[in-house]
Amino acid sequence: MTVWLRPPRRVALLSVHTSPLEQPGTGDAGGMNVYIAQTATRMAERGIAVEVFTRATSSELPPVAELAPGVIVRHVPAGPFEPLDRNELPSQLCAFTAAVLRTEAANEPGYYDLVHSHYWLSGQVGWLARDRWGVPLVHTAHTLARVKNAALAEGDTPEPRSREIGEQQVVDQADSLVANTEMEAGDLISCYDADPAKVCTVLPGVDLGRFRPGSREAARRYLGVPLDATVFAFVGRIQPLKAPDVLLRAAAELVRSGQVPREKLVILVVGGPSGTGLEQPRALQDLAAHLGISDLVWFLPPQSAPALAEVYRAADAVAVPSHNESFGLVAIEAQACGTPVVATDVGGLRVAVSDGVSGLLVHGHSPVLWANALARLASPGMRETLSGGAVRHAQAFSWDRTTDELIGAYMRAGVAFREVHDKAEVAS
């Protein structure tokens with residue numbers, strides 16, 4: 001059994017449904033992928049070896065790939081070599097778990113010091129690995145079914161009861177639960193009856209070296225956007241939960257009300273269909289046509305981090321109209337580039353955006369309210385004021401701080417795990 005009062009030597013990091021090597025913005029790849037890649041890389045820089053286990057979605061993927069020095073990604077065969085819907089993945093957990101356990105069994109005893117699972121599917125695997133290896137299980141949910149179902153977009157599909165049950169099991173079994181915000185910590189306690197002593201909050205970060213202020217004119221030239229345009233952007237997966245339709249409806253209202261001249265307005269939509277959005281992959285294009293603004297909306301595929309920074313810099317404001325977010329990484333990235341954010345007043349977005357300082361929070365999804373908020377940021381004076389606040393607000397978030405606090409959570413989980421097992425041994 002593992003005993004340590006120091007940082008772990010090697011961590012098994014579980015991400016069943018999506019790989020940190022995938023491009024964020026489409027499929028199931030998003031903020032969680034960035035979180036895993038950034039924190040794993042920084043852990044390795046601090047001397048902690050990290051092995052990421054994720055499901056292989058292609059036979060051409062190598063069994064093992066290096067993400068960064070000290071971080072490897074193991075592509076685990078579990079089911080067909082193709083992407084699967086998250087609702088299909090529970091049937092592959094047995095195969096995935098078996099492969100994870102075999103990997104550990106091929107090494108000396110005590111090979112892994114700790115398991116960190118991301119999302120509930122990984123938590124199910126981590127629960128069994130924890131028991132087999134005698135090491136602590138740290139779990140990060142990223143999203144919670146009961147919270148998502150309480151804030152569904154119109155027409156969206158609720159999360160299945162099987163997920164709620166699975167999440168409850170992981171909450172009950174994990175030695176430590178890492179929440180992205182205090183609100184999420186409260187949701188774990190109130191919605192899942194989590195033991196408050198097991199819950200800790202570690203704020204996600206942003207790559208402040210990559211996402212930083214730059215020339216708006218140069219960014220617009222890079223994208224081919226007119227220098228004198230009023231530009232609003234949406235960045236993320238195209239699905240009802242993220243509500244990109246709200247930005248399009250607000251844009252139509254801006255034109256109708258005359259708050260922004262039609263010939264000056266450009267809407268950037270960056271991302272690809274995901275989740276229930278895959279059922280109607282052209283729904284957003286059809287909506288733009290229905291609203292009569294197809295000529296104003298530029299649809300761009302998911303972008304690399306350097307290109308994404310240019311998108312943020314080119315925009316007068318970035319819209320994050322999600323129905324729910326455990327944090328909202330896009331909001332912090334945009335603000336780090338000096339671009340104010342207009343976001344829904346929900347969940348972790350209340351932390352990611354400082355209302356009236358780094359951006360604006362909007363109650364609900366009314367096109368009129370959103371148009372009014374965006375129009376305020378079309379004013380150069382307001383934008384410049386909030387731009388400075390956005391940069392200052394984003395400076396409070398960094399992946400280095402996130403990683404250090406995460407390692408602290410690992411160490412506390414190790415102590416708690418040892419105490420529980422000492423008591424069990426005494427009782428027996």
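This report describes the sheet, helices, cores and some single residues of one predicted model.

The model is predicted, so local features need pLDDT of at least 70 and side-chain atom pairs count only at pLDDT 80 or more, while totals for chains, interfaces and linings use all residues. Residues are numbered from 1 along each chain as its sequence is written, and side-chain values use heavy atoms, with hydrogens and water left out.

## The open sheet

Helices (H or I, at least four residues) and strands (E, at least two) are DSSP runs, numbered from the N terminus. Two strands pair if DSSP finds at least two bridges between them. In this model 8 strands form an open sheet with mixed pairing, in the order β3-β4-β2-β1-β5-β6-β7-β8. Its edge strands, β3 (64–68) and β8 (199–201), each pair on one side only. On average, neighbouring strands of the sheet are turned by 25° against each other, direction ignored.

Strand β6 (residues 137–140) pairs with strand β7 (residues 176–179) in the parallel sense over 2 bridges. H139 has L177 in β7 as its bridge partner.

## Helices on the sheet

Axes are lines fitted to C-alpha atoms, for helices over the stretch in contact, and angles run from 0 to 180 degrees between N-to-C directions. Contact means heavy atoms within 4.5 Å. Helix α2 (residues 93–105) lies across β1 (10–14), β2 (49–55) and β4 (71–76), and runs at about 155° to β2. Helix α3 (residues 120–133) packs on the sheet and touches β1, β5 (114–118) and β6. The direction of α3 makes about 165° with that of β5.

## Two helix pairs

A crossing is left-handed if the near helix is turned anticlockwise from the far one by less than a right angle, and right-handed if clockwise. The table lists two pairs of helices.

| Helix pair | Axes come within | Crossing angle |
|---|---|---|
| α2 and α3 | 10 Å | roughly 40° |
| α8 (residues 244–257) and α9 (residues 283–291) | 10 Å | roughly 15° |

The angle of roughly 15° between α8 and α9 makes α8 roughly parallel to α9; angles under 35 degrees count as roughly parallel, over 145 as roughly antiparallel, 65 to 115 as roughly perpendicular and the rest as oblique. The crossing of α8 and α9 is right-handed, and the crossing of α2 and α3 is right-handed.

Where α2 meets α3, L93, F96, T97, V100, L101 and E104 in α2 face residues of α3 including L121, V125, L128 and W133. Between the other two helices, P244, D245, L248, R249 and A252 in α8 meet L284, L287, A288 and L291 in α9.

## Nonpolar cores

Buried means under 20% relative accessible area, exposed over 50%, and partly exposed in between (1.4 Å probe, protein chains only). A nonpolar core is a set of buried Ala, Val, Leu, Ile, Met, Phe, Trp, Tyr and Cys residues joined through side-chain atoms within 4.5 Å. The largest nonpolar core has 65 residues, and V50, F53, F96, W133, V178 and L188 touch the most other members. Helix α1 (residues 31–45) supplies the largest share of this core, 7 residues. Apart from this core lies another, of 36 residues, among them A229, V270, A309 and V311.

With its neighbours within four places in sequence left aside, F96 is in contact with V16, F53, T54, R55, V76, A78 and V125.

## Covered elements

Strand β9 (residues 230–235) is largely enclosed by the rest of the structure, because 6 of its 6 residues are buried. T230, F232 and F234 point one way from β9, and V231, A233 and V235 the other way. In a regular strand the side chains alternate between the two faces of the sheet. β9 pairs with strand β10 (residues 265–270) in the parallel sense over 6 bridges, and F232 stands opposite I267 in β10.

Helix α11 (residues 329–336) is mostly covered, with 8 of its 8 residues buried. After α11 comes G338, whose phi is positive, near 85°.

## Single residues

Most residues other than glycine have a negative phi. H142, in the loop between β6 and α4 (145–149), has a positive phi of about 70° although it is not a glycine. H142 is buried, with a relative accessible area of 7%. A243, in the loop between β9 and α8, has a positive phi of about 55°. At 0% relative accessibility, A243 counts as buried.

T402 lies in helix α15 (residues 399–427) and counts as buried, at 1% relative accessibility.
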